[in-house]
Amino acid sequence: MAPPGGPTVTVEDPGTAPNPIHARVVVASNRAAAGVYADTSGPLLVDGLRRLGCAVDRPVVVPDGEPVGVALRAALADGVQVVLTSGGTGVTPTDRTPEVTRALLDYEIPGIAEAIRAYSRERVPTSALSRGLAGVVGRMLVVNLPGSTGGARDGLAVLAPILAHTVQQLAGGDH
């Protein structure tokens, strides 16, 4: 999952890692939440996070908008260290994930969101329309990803070499 030419990430099975990163995937999709279709990006993100050594359960699928905020607050209350959201980052009138996320963030980490858009842009020009954010709520990293499987893969590729270090830093680790 590392970007081409990037570092190879060796990971332990989250069940055997001494201190796995506790992660959650929140899918913001009005249609998937209503049962119109099955979400595909959430399971891909769960699998990718597990391969990065995270302990993560099934995706939480909610309609876009305030239910995303409810899911983020629940993750914080549960002691989750990383939340990846999928969906709701575009420019349609119902895409509200960035606004809901921004209202909860203590501070943004713009370089992560910028890196994800840049990584995707050459292959998928419309990825420049993603309004996804990355930032911190308490000591929890939140990263908004597009709802497509390609956007999920690209997000994981960008996060792979920095995720563990980011979580260590948020826990007060040294540089």
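Helix axes here are lines fitted to C-alpha atoms over the stretch in contact, and the angles between their N-to-C directions run from 0 to 180 degrees. With that in hand, helix α3 (residues 66-77) and helix α4 (residues 97-104) have axes that come within 8 Å and cross at roughly 40°. That makes α3 oblique to α4, where oblique is whatever remains once angles under 35 degrees (roughly parallel), over 145 (roughly antiparallel) and 65 to 115 (roughly perpendicular) are set aside. The α3 and α4 crossing is right-handed, a label for a near helix turned clockwise from the far one by less than a right angle, with anticlockwise being left-handed. On the α3 side, the contact (heavy atoms within 4.5 Å) involves Glu66, Val68, Gly69, Leu72 and Arg73, and on the α4 side Thr97, Val100, Thr101 and Leu104. Sorted by class, the contact of α3 with α4 has four nonpolar, three polar and two charged residues. Nonpolar covers Ala, Val, Leu, Ile, Met, Phe, Trp, Tyr, Cys and Pro, charged covers Asp, Glu, Lys and Arg, and polar takes the others, Gly among them.

All of this comes from a predicted model, in which local features need pLDDT of at least 70 and side-chain atom pairs count only at pLDDT 80 or more, while totals for chains, interfaces and linings use all residues. Residues are numbered from 1 along each chain as its sequence is written, and side-chain values use heavy atoms, leaving out hydrogens and water.

Now for the whole protein. It has seven helices and seven strands, taken as DSSP runs numbered from the N terminus (H or I, at least four residues, for helices; E, at least two, for strands). Along the sequence they follow the pattern β-α-α-β-β-α-β-α-β-α-β-β-α-α. Of the 175 residues, 45% are buried, meaning under 20% relative accessible area, with exposed being over 50% and partly exposed in between (1.4 Å probe, protein chains only). Among contacts with a separation of 6 or more, 79% link residues 24 or more positions apart.

Ile112, Ala115, Ile116, Tyr119 and Ser120 of α5 meet Asp154, Gly155, Ala157, Val158 and Leu159 of α6. Seven of the residues in this contact are nonpolar, two polar and one charged. Helix α6 is mostly covered, with eight of its 11 residues buried. The cover over those buried residues includes α2 (41-51), β4 (82-86), α5, β7 (140-145) and α7 (163-170).

Beyond its neighbours within four places in sequence, Met140 contacts Leu72, Ala75, Leu76, Val80, Gln81, Val82, Val83, Gly135 and Leu170. Met140 and Ala75 sit 65 residues apart in sequence, yet their C-alpha atoms are 8.6 Å apart. Tyr107, in strand β5 (residues 107-108), counts as partly exposed because its relative accessibility is 42%. Setting aside neighbours within four places in sequence, Tyr107 is in contact with Gly135, Val136 and Leu170. Its C-alpha atom is 7.4 Å from that of Val137, 30 residues away along the chain.
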